Every structure is written in structure tokens, then in C-alpha cells.
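Work through the exercises below with the structure open beside you. Try each task before reading its solution.

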Amino acid sequence: MCGIIGYIGNKNVDSVLLVGLEKLEYRGYDSVGIALISNNEIFVKKQKGRIRDLANSLNGTPLKAKIGIGHTRWATHGKPSDINAHPHLDCKRRFAVVHNGVIENFEKLKKKLIKKGHKFISETDTEVIPHLLEEYYNGDILKTVLKVVRELKGSYALAIISKFHPDKIIGVRKGSPLIVGIGEGENLLSSDIPAILSHTRKIITLNEEEIVIMDKENVKIYDFHGKEKRKRIRYIEWEEDMIEKGGYPYFMLKEIHEQPKVIEENLKRVIINGEIKIQENEFLNFFKNKNHIIFQAAGTSYHASLYGKYIFEKYLKIFVDSDLSSEFRYREPLLLKNTLMIAVSQSGETADTLEGIRLAKKKKIPILSIVNVKGSTIDRESNYTIYINAGPEIGVASTKAYTAQLLYLLLICLLISYKRNIIKKKQLKEIIHELEKIPDKIRYILGKEEEIAEIAKKYYKFNNVIFLGRGLHYVTALEGALKLKEISYIHATGYAAGEMKHGPIALIDKNWPVIAIIPKNYLYQKMLSNVMEVKAREAKIIAITDGTPTELKKIAESIIIIPKTIPILEPILNIIPLQLFAYHVALLRGCDVDKPRNLAKSVTVE
Ligand code: AGP
């Protein structure tokens, strides 16, 4: 899941590309490259490493070109290296291509092209594309691209420039996201909105199997049969400062601190005179006569969907499954007549989740999605989408999107439960009353950042950590462990506390910090005995609790006390100290918090 960008206009393209690639770097950052046309020649600069390294090697001398394409890579085929970095060229350097996705039949195509005399220099799947363009070029670039896409299998978003058309950029979308930015005397191509926001707010989202050919004044879009298509221009609401760090050292920390505001603004948006109203409640129809719900999602969104399973079963009294997207379609799930699929995704571009949706659609199962990025593929391919309005999330480790997902899952669940007369008005009012206190309670926990940073100093050298929770906090333990794993590279695992004695407790000795999520709720006693069990094996206990920790003081080395709330809301509060703990541990270990190794923000390949 790489980031691609293209620009044609009057500005010096190299700075536009470098700044744009920086905004896309969270999509992949193991190598980078640009290609531009200057004096009718294609100039390429690419290398292993980060965008700042490329910018330094260009040492600021503007290249006076007005058209170019760029790429930041998350390697799928061919290790990160200067040769495998994009753009890739044909034998005579007349076509340059950047690509996000995977060409599944590249080896077969490569063999065929080598037989025809083409010389390949990289290990990538992408390099077949410029050689195919070279092979089929007949003076008509649209016809040539149409011939090439008929040969390609897999997923691809492409940006192409050619010496034959020094005033045009060609974009192609099949499987990976691609948007067109419509400017004044300039036009852009990009994998994502942040890269073009400083140039324009008018975008066209390319659909599956579409080709765009643009110069600085005109944009023409065709389908894979060469038929021209009329497309709607959408206006982006996001402000530019939303994609800036706003004085924070990392996007992740900024996004952790944005959570009270995100929750507050969403509550203002959906709690109208004490009633829950989400997008005019149009989604309610999707739940009619449904007696089985399947959540499917990946990573942090999967954890949110697990929370969904717990509360939907409890408050809707229907069967709910929660599947990992990457497992879902290969386990041949039972999708019955009265099943509703709920897909959860921050980016709306996760390939595994998308394929889960496509499988369910084939079986005529309605799809309701809970998404952050409007206009994303999952949004457009779902029957209905509920937006979590968390704003752009740039840090690879998802934080504010998670708590916003929990919030919307809860609101949807409460509304349907109330409409089905399962919970009464009084209980609903009480929960909403508690909910409205959550933003300030999160602010209170954020106020403890220094205390949490101090605790992080005690444990950042350990390479193994276990998170324990029961009930809804089994989910919190999974999410806390994922946060620590993905940004600090510590081997962290979340367990249902009661499960430890069935095996994992064998791991425990004095070298194991154990983070126990142990609020004083109906499971406190059970949880306390589980904590005692690992303490008895000399684990170093860090307790997150909301009560006066009398017993905990005797067994825990570190205790973080957070405000009390009702059990169904606890996961929104209890994850905050774990996000901050992970952040500060990663910082102390010298990790790049926003761009952790081997990861990317949206995983657009299976
Ligand atoms: C979470 O911090 C990770 N970035 C990752 O697990 C992520 O949640 C997963 O890839 C799903 O992404 P999505 O919500 O955009 O679909």
C-alpha cells in the first residue's frame, strides 16, 4: 500500500511532489521516487529510504518541470532498494509508471516481454507495466492503456507520464484508491486526500476500472471500454490544519489529544434533545427482520467490532459474529437470509474488509459500514455508511478513530435497543447522561500524561508485555497490546485474564510486565484473582483502575487511576492511558511513532 501522486500545472513540480509525498508517507515509507518531464526528457530520481533523504539528494535545485509523478513505497514484490523503488521505466525511457497494488500475473507477463527483447532491471511486479506500454504504444495513449489493462491481473492504481505526451498525465484505478484533484490551471492525481488539500478541495474519486487522462486544463475519464464518463466533483470538508501536526511532535499524540473534541462534536451532532439521531436514522431499516449480524474488520477496527459484538448481543438479543476480515471469506461463512453485515474501517480502503463485503454482496447480504473516510471504496460499495467523523487520522497507529468507532457502535446499538423496546427511556437517558461526561473524563486522563510517561520509563526496556482484561476489557487488552506492538516493536499480547491459567501463565516470571485493566465493576473480584495468579509468578503489575486501589496497592508496582463510568462506556476511557503508555514507551525506544517499521496506514493489498 504505497502512495502515488501526479501533478500538471504551472508550479515547480518537484516541490509539489515532495510535499505531497510527505503527506502520503504514512501509506508506506521504505523507498521513494519521482519522475518528471523536462525538455522532453523523462528525468527520474528514486532511492531506498525516506522522502527527506530524496529531497536532500535533490539539494533544492528546482528542476523547472511542470509535470511529474511520485511514489512512496511499502514493498510487496522486491525488497526496499534503489532499483526496486518507483518510478519504473521502459527500455527506451519513454514511459514512467508509479503503482500502488499488486500485479498478480507479473511473472507470466515478464517472461513474455523478455522473449520479445525487453530488458528488466528490478524485482518488482510493477516494471511489467512500462514495458507493456512500450510494447503496445500506437500513437493513441488511451487505446494503448486499454490494451495494457486487459493484460493485468490484480489490484492497481497507476500514474503514468510519457515523452510522447509531455503535457498529459494518465491515471488508472482497479482495486486501489485513486482521486483526481481539480485545480485552477493545474490538476493532480493522488492515492489520498491529504496530498492534494493544499492545492484544491475539489476532487473526483475514480471508481473501479476507470482511466483518467488530464492536462493542466482538462480532465477526461473513461471506463475500461474506452467510453467517456461524466463524474461528480466532490468538495472536501477537511481543513488543511487537520493534516498538520499542530505543534505536536507526532500525529499520534495530536490524535490522542483530539479524542475529547471528536467525541464531544459527535455527541452534539447525534444527540438532539436527548434523542439519538444518526444521519436521520435512515440506517434503522437495515436492522428490520435481522436476527444475525456479522461484523468484519481488521486490526483496531476488528477490536472495535468485538466491542460491537458484546454490546449488540447484550442490548439487541440477537446472534452476532465478529470476524477478522482476512479470515472471513476463506472460512465460507454462513450468510443466511436475515443476516446483516457490518463492516468497520477507518480508511475505508482495507482490501481484506473490502473483499469480505464483496463476498457478502454476492450472497445478497446487505452491507452497513462504519467508516471514517467519506468517498472511500468501502463507503461507495456499501449499501449504507455511517461516518464516525474523527477527521483525518494520519498516525499509523489508530487512536481517535477507535474511540469514535466505539462511540458509534454504542449509539447505533442503544437506538435500536430502544426502538425494539429492549431498553427503556430511563435507562437510555442515564447512559446518554454518562456519555456526555466522557469528553471531560478523557481530558482528565490526558492530564495524567506525565505520570504515564514516568511509568513508561520503568518498563520501556522490556521486550515482552502482557495485557489482561475481562469482558469488554478483553477487547481493551487486545487493543492496548496492538498499540504497544505496532509502535514500539515490543512483543505484546492481550489475553482474556481468565484464559491465562490455561497455558499463557507459563510465560510469566519477573521479566514480564503485566498490564491489568481492572476497573471496579462486576468483574473486579474475578479480575483481581487473575492478577494475583500472575503476581504469584513475580509478574510486574501495572494496574489501570477507577477505584480506590486498596488491594491493588499491595500487588501492583504502578497504578494509573482513571475516572469512573458505567461498564459499557469503560472501554472508551480505559484505552486512553494505554495509548499514551504505548506512545511514551515507543518514544523512549527511539521508534518513529507515526511511521512504524513494516506498517502502513491503509492496507490496500490482501
Ligand atoms: C491500527 O492501529 C492499525 N493501523 C491497523 O491495525 C488498522 O486498524 C487496520 O489495518 C484496519 O484499518 P482500517 O480501519 O482502515 O480498515
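## Exercises on a predicted model

**Exercise 1.** Which residues does Ile342 touch, leaving out those up to four places away in sequence?

*Solution.* Ile342 is in contact with Phe287, Ile293, Ile294, Phe295, Gln296, Phe312, Leu368 and Ile370, when residues up to four places away in sequence are not counted. The model used here, as in every exercise, is a predicted one.

**Exercise 2.** Which residues of the largest nonpolar core touch the most other members?

*Solution.* Step 1: the largest nonpolar core has 97 residues, and Phe283, Phe287, Phe312 and Ile342 touch the most other members. Step 2: helix H12, residues 400-419, gives the most to this core, with 14 residues. Step 3: another core, of 31 residues, lies apart from it, and Leu21, Leu58, Leu188 and Ile203 are among its residues.

**Exercise 3.** Are Phe283 and Phe287 buried or exposed?

*Solution.* Step 1: the cut-off for buried is under 20% relative accessible area. Step 2: Phe283 has 0% relative accessibility, so Phe283 is buried. Step 3: Phe287 has a relative accessible area of 2%, so Phe287 is buried too.

**Exercise 4.** Classify the ring pair Phe283 and Phe287, then the ring pair Tyr459 and Phe462.

*Solution.* Step 1: planes under 30 degrees apart count as stacked, over 60 as edge-to-face and the rest as tilted. Step 2: the model has nine aromatic pairs by this rule. Step 3: the ring centres of Phe283 and Phe287 are 6.2 Å apart and the planes are at 85°, so this pair is edge-to-face. Step 4: for Tyr459 and Phe462 the centres are 6.3 Å apart and the planes are at 35°, so this pair is tilted. Step 5: Tyr459, at 1% relative accessibility, counts as buried, and Phe462 counts as buried at 18%. Step 6: Phe283 and Phe287 also belong to one aromatic cluster with Phe295 and Phe312.

**Exercise 5.** Over which rings do Lys374 and Arg597 lie?

*Solution.* Step 1: the charged end of Lys374 sits over the ring of Tyr387, 5.1 Å from its centre. Step 2: Arg597 lies over the face of Tyr489, at 4.0 Å from the ring centre.

**Exercise 6.** Where is Asp140 found, and what lies 2.9 Å from a polar atom of its side chain?

*Solution.* Step 1: Asp140 is in the loop between helix H4 (128-136) and helix H5 (141-151). Step 2: Asp140 has 29% relative accessibility, so it counts as partly exposed. Step 3: a polar atom of the Asp140 side chain lies 2.9 Å from the backbone nitrogen of Lys143.

Notes. Residues numbered from 1 in each chain as written. Predicted model: local features only at pLDDT ≥ 70, side-chain atom pairs only at ≥ 80, totals over all residues. Heavy atoms only, no water. Helix = DSSP H or I, 4+ residues; strand = E, 2+ residues; numbered from the N terminus. Buried < 20%, exposed > 50% of the residue type's maximum accessible area, 1.4 Å probe, protein only. Polar contact = N/O pair within 3.5 Å; in protein donor to acceptor, adjacent residues only side chain to side chain. Phe/Tyr/Trp six-rings, centres within 6.5 Å; stacked < 30°, edge-to-face > 60°. Lys NZ or Arg CZ within 6 Å of the ring centre and 35° of its normal. Core = buried A, V, L, I, M, F, W, Y, C linked by side-chain atoms within 4.5 Å. Contact = heavy atoms within 4.5 Å.
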